[in-house]
Amino acid sequence: FPVTIKLIKTFDKAIAGKGSIHMDEHIIKQMLPNYQRNVKGYLKFIDKVNNYFKAGKTLSVMFNVRNLVGNWSNMWFSGMDADDIMKGYTSSVADYNKFKKFMTEIKNSNFTLNEKMLQGEQKKIYGEIMYFMDNGFFTGNTALELADVRKLIDEGADKKTLARKLGEVTGLIKLSEFNMNTNLFNDNVNRLTLFRHAKKNPEFLKSLGIPLTGDVNKDAMNAVRLVLFDPNDLSFFEQDIMKRLIPFYTFQRQNLAFQVQNFTKNTDRYNKMWKAWEGAWDSQGMETDQLMDYERDRMLLPVPFMGKDGNYTALRISTPFVDALEFFNLGDPQESIRKVVASTTPLVRAPYEQLTNTSVFTGEPIERYKDEQSKNIPFLTKGQEWALSQTGVDVPARVLTQGAMSLGNLATGDTEALGQSVSKATGLYQPERSIIQNEIAKGLQA
């Protein structure tokens with residue numbers, strides 16, 4: 001105790017008259033030994049809720065489709081041509097599979113083979129992907145971090161305890177294994193594609209505002225982190241607070257940073273995209289002003305040959321660019337605030353929604369009347385569907401239910417009902433709607 005008092009006095013003397021000082025976050029945490037012990041139980045509960053929520057919300061093939069389209073759209077907005085993206089992606093997929101093949105051969109040889117024996121193309125591929133691994137990519141997704149395992153071992157945890165802890169993690173991973181592995185594969189292969197393009201094109205790096213250091217690999221990796229994000233590039237505050245407050249914080253923060261910077265760096269790409277979108281609707285004989293507000297805000301795409309005489313059908317393919325625009329609603333700041341609140345953890349958002357009977361995400365009532373039936377999951381009320389959505393399980397439940405209904409509608413030949421069920425199952429398809437319906441709805445809103 002006297003030693004502690006002396007240390008505190010020394011510390012006070014060091015900062016006297018300075019008002020504030022800068023200290024590394026690692027040191028601060030070491031100086032607060034009760035930090036993790038006091039909040040461990042709360043954080044564990046929050047993490048478990050958020051992990052199940054994210055696992056459910058991403059448990060859909062359509063999420064993988066959006067993720068792939070999102071990667072490609074960011075690469076195109078960054079300055080890559082569509083042809084370079086497709087050719088590069090195909091080449092990266094092939095090379096990654098070759099990497100897995102010769103790594104398997106090394107493992108099966110009981111390591112009598114090793115990476116030093118690789119020659120030519122194999123050596124080049126191995127070097128590139130190992131460089132990615134050194135930078136935190138291509139390492140897979142683990143819900144239990146290495147630091148957590150080390151801590152358990154340091155605390156003297158026996159094999160049974162370690163197995164139980166790892167078992168808790170694998171249960172969640174198995175639930176969404178297909179989606180997580182597919183997303184990780186596409187993310188990493190697209191990063192490799194952009195990395196190779198950046199290495200060959202210094203002008204591409206300059207157009208993104210990446211400072212050239214003379215280290216080609218480092219500069220290209222900086223481009224990858226800017227355009228396709230680095231999930232590990234977060235401060236302690238962001239890891240400990242923001243990711244728990246906003247489950248998909250990493251994507252939202254890094255996507256906003258890229259889009260805002262790129263708006264001024266590659267303006268012509270956004271202009272081309274906007275003209276192409278308006279042209280797509282013009283080819284269907286419609287102006288974008290005739291769309292509903294949410295259809296225009298989400299930049300829905302018309303489906304050719306599936307609408308006439310003022311009727312239309314559209315695709316809801318959301319891209320990171322559109323996601324970023326939703327946070328910059330300059331005409332209605334309250335709408336931007338609503339979007340931020342809607343992205344928070346269910347532990348924060350759900351109590352408010354329940355008290356107000358309002359979905360923050362849509363702005364609509366959760367139930368318009370008692371026991372109102374859900375249109376997405378027919379055997380549930382809208383209140384029950386809302387409760388299920390707080391766990392993320394509403395997405396796989398909707399996909400399974402509407403998928404089964406789609407098969408039934410296909411068997412009976414009911415095309416109208418088929419369109420509705422496909423729309424709800426995939427989230428991509430907007431059934432036929434008319435301009436007249438839009439004008440009536442806008443009039444009622446006014």
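A residue is called buried under 20% relative accessible area, exposed over 50% and partly exposed in between, with a 1.4 Å probe and protein chains only. By that scale Phe321, at 4% relative accessibility, counts as buried, whereas Phe263, at 26%, counts as partly exposed. This is a predicted model, in which local features need pLDDT of at least 70 and side-chain atom pairs pLDDT 80 or more, while totals for chains, interfaces and linings use all residues. Residues are numbered from 1 along each chain as its sequence is written, and side-chain values use heavy atoms, without hydrogens and water.

The structure contains 17 aromatic pairs. Rings of Phe, Tyr and Trp (its six-membered ring) pair if their centres lie within 6.5 Å; planes under 30 degrees apart count as stacked, over 60 as edge-to-face and the rest as tilted. Two of the pairs are set out here.

| Pair | Centre distance | Plane angle | Class |
|---|---|---|---|
| Tyr96 and Phe99 | 6.4 Å | 15 degrees | stacked |
| Phe263 and Phe321 | 6.2 Å | 85 degrees | edge-to-face |

Tyr96 and Phe99 are both buried. They lie three residues apart, about one turn, in helix α5 (residues 82-108); helices are DSSP runs of H or I with at least four residues, numbered from the N terminus. Phe263 belongs to helix α13 (residues 249-265) and Phe321 to helix α16 (residues 320-325), so their pair ties together parts 58 residues apart in sequence.

Phe263 and Phe321 also belong to a cluster that ring pairs form with Trp76, Phe77 and Tyr270. Over the face of Trp76 lies Arg269, at 4.8 Å from the ring centre; a charge sits over a ring if NZ of Lys or CZ of Arg is within 6 Å of the ring centre and within 35 degrees of the ring normal.

Notes
Helix = DSSP H or I, 4+ residues; strand = E, 2+ residues; numbered from the N terminus.
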